[in-house]
Protein chains: 2
Amino acid sequence: MPQITLHDLATKLNISVSTVSKALKGYSDVSAKTRKAVIDLAKELNFTPNIVASNLRTQQTHTIGVIVPTIVHHFFSNVINGIIKEAEKSGYMVILLQSNDNYELEKKQLDLLIKQQVDGILISLSVETTNFEHLEKVQQIGIPLVMYDKISDAIDCSKVLIDDKKAAYEAVSYLIRKGYKNIAYFGASLQAHNFSNRFLGYKQALEEFRIPFDDSLIYICENNDEYNYGYNNAEQLIKDHGFKNVDAVFAVTDVIAVGVSKFFNTHSISIPQDIAVFGFSNWFMSTVVTPALSTVNQPNYELGKKAIEILLEEITLNEAKKEITPQKIILETSLNIREST
Amino acid sequence: MPQITLHDLATKLNISVSTVSKALKGYSDVSAKTRKAVIDLAKELNFTPNIVASNLRTQQTHTIGVIVPTIVHHFFSNVINGIIKEAEKSGYMVILLQSNDNYELEKKQLDLLIKQQVDGILISLSVETTNFEHLEKVQQIGIPLVMYDKISDAIDCSKVLIDDKKAAYEAVSYLIRKGYKNIAYFGASLQAHNFSNRFLGYKQALEEFRIPFDDSLIYICENNDEYNYGYNNAEQLIKDHGFKNVDAVFAVTDVIAVGVSKFFNTHSISIPQDIAVFGFSNWFMSTVVTPALSTVNQPNYELGKKAIEILLEEITLNEAKKEITPQKIILETSLNIREST
């Protein structure tokens, strides 16, 4: 069934389109009787005002584009949850796109969002992204842009993130203070802003406690299969060093840490008696694995909520033709100490 | 910076708007020289054709509305992943809304999607939904509608789901054949189509093996905090029956099963020696908890993929003004037997 239009209503009632339009908007120059007739017919026929046509007038679509590297990861599910709930409250809908950590796809998706005339864009960068022209283009067109989590300093826009270096520094310092000295680092691609900062935090803690940096303790996961990477490299770690020469593993994600724990659990290496394991994110499952995982508590939901709040402010400023001053919001992290350390 | 329009290009080049438009579309009645001048300027100014204006002509928005009860649940993250990847391939974008299992919100969200003139809608119903007028309205307006996972037989549209009754029947039959006789049922709201069918599957297995149904072994989780529900009701189960009088727990979600396992693990009740635990969904974490969880393997990603495929077919039929014949697709499940049984 084709969608009912203003024109259909006008024809059926034998009045002009502009009278129908005025009646629906409650203008006073339409008689109460005509107004009632229009509204009754509109209800009867399930008439819905054409938002595409009205968008054309107001130049607003009340949609926001959100690009995430990956959805399945528990961290991003929570971030999206925060974004969608907050957008909903303000009457905005979210177009969600997933870059799969692929630069070309991210570029294409930004073009699609521009064509779709979204009112604003939230992006967490793909790990591959080292060229930022596609983001500059968004800014040149005048669409408010906010980055969250995986950001780049190359673009002057608002950003919402955590202090990854500080969080990693605090986690590793905690391990050192607890007496762990030979701490392996299980990382992910150093190309990503957040992971390279976690690495710097690890190094800073070692330096401060005058523990020599040993690069044979550094393992970097280059793909997205973090769980198996954690499992397999725990095996490699034991082959390389023997479990008497390693005290602890600091993993840059909980998924990696859970893979590490699974290997130790199934090979009779006791956590934390033989080796301690520290994760990052406070992913839901970090509480339910045995032993429960010590981890960095990352405010996932709040991160999404804050990012969309700032974007909505900037959309309002943009519509009022007022200047936007980029903000950098750093959310607090904390340590959740559980059984694994 | 306001968005560049066809009119801006025409003014700067001192030619007509229609010449600019024809040049961009590659029409042959514009000279090569003019065409080049238009394209060069369009590139220089980051000109993007106005999709809202062109939507008005084609009546297509190339957007699809997707309503999920909740995003954080690993099951729905995977389903969304399947939907978004498949939509992307066909040039469609996904507006994602979350009903939080709330009927009023679901109703409001469908209205928003209608106003946004999406080309089609995918919905998994909120657990509260027992009135279906809002869905009938979508159909009356003529927007293709496909239900997935949490469906209702009250609406005649295409549906993609699993056979929940059969899957639960197979899981419980497996437990019985393995010698477990006193099997507790840890369920979720029977109001939801899928959970009531899992309950029927449980009962069918008992009947077939002539095991009397004992309603003191039935525990129903009425809220969304499945993990704590599983944990707390495992405690209640032991209080009610003592662990010698219960052989196994069949939980209708992996999250519940993981909560149950955590309680047993931390209270020295051995899985599966004292009590076996069976889950449902093959959630990622079911493999990493200790002991690894036996579970029903639910094809999450495929479910999302199939649902969007059918919707895209129906959108094509709809645009060609051809009739849509509703399909009901039942995807296969299987049992993943691991250490917990």
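Residues are numbered from 1 along each chain as its sequence is written, while chains are lettered from A and ligands numbered from 1 in the order in which they are written. Because the model is predicted, local features need pLDDT of at least 70 and side-chain atom pairs count only at pLDDT 80 or more, whereas totals for chains, interfaces and linings use all residues.

The model scores ipTM 0.75 and pTM 0.78. Where pLDDT is low, the predicted coordinates should not be read in detail.

The C-alpha trace of chain A spans about 90 × 40 × 30 Å along its principal axes. Its radius of gyration is 26 Å, whereas a compact globule of 341 residues would have a value near 20 Å; the radius is taken over C-alpha atoms, and the globule rule is 2.2 Å times the number of residues to the power 0.38. Of the 341 residues in chain A, 47% are buried, a residue being buried if 20 or more other C-beta atoms, placed from the backbone, lie within 10 Å of its own, exposed if 12 or fewer do, and partly exposed in between. Contacts (C-beta atoms, placed from the backbone, within 7 Å) with a separation of 6 or more in chain A are made to 73% by residues 24 or more positions apart.

In chain B, strand β3(B) is covered on both faces, with B:Gly120 and B:Leu122 buried on one side and B:Ile121 and B:Ile123 buried on the other. Strands are taken to pair if DSSP finds at least two bridges between them; β1(B) runs parallel to β3(B) and is joined to it by 4 bridges, with B:Gly120 the bridge partner of B:Ile64. β3(B) is also joined to β4(B), again in parallel, by 3 bridges, and B:Ile123 has B:Met147 in β4(B) as its bridge partner. The chain passes from β3(B) to β4(B) through helix α7 (residues 133-141) of chain B in a right-handed β-α-β crossover, that is, clockwise from the first strand over the helix to the second when the strands point away from the viewer.

Strand β8 (residues 248-251) of chain B likewise has buried residues on both sides, B:Ala248 and B:Phe250 pointing one way and B:Val249 and B:Ala251 the other. β8(B) is joined by 4 bridges to the parallel strand β6 (residues 183-188) of chain B, where B:Tyr185 stands opposite B:Phe250. Over 3 bridges, β8(B) pairs in the parallel sense with strand β9 (residues 276-281) of chain B, and B:Val249 stands opposite B:Val277. Together with helix α11 (residues 254-266) of chain B, β8(B) and β9(B) make a right-handed β-α-β unit.

Helix α12 (residues 300-319) of chain B has buried residues including B:Leu303, B:Ala307, B:Ile308, B:Leu311 and B:Ile315, and their cover includes β1, α5, β3 and β4 of chain B.

Definitions and conventions: Helix = DSSP H or I, 4+ residues; strand = E, 2+ residues; numbered from the N terminus. Contact = placed C-beta atoms within 7 Å.
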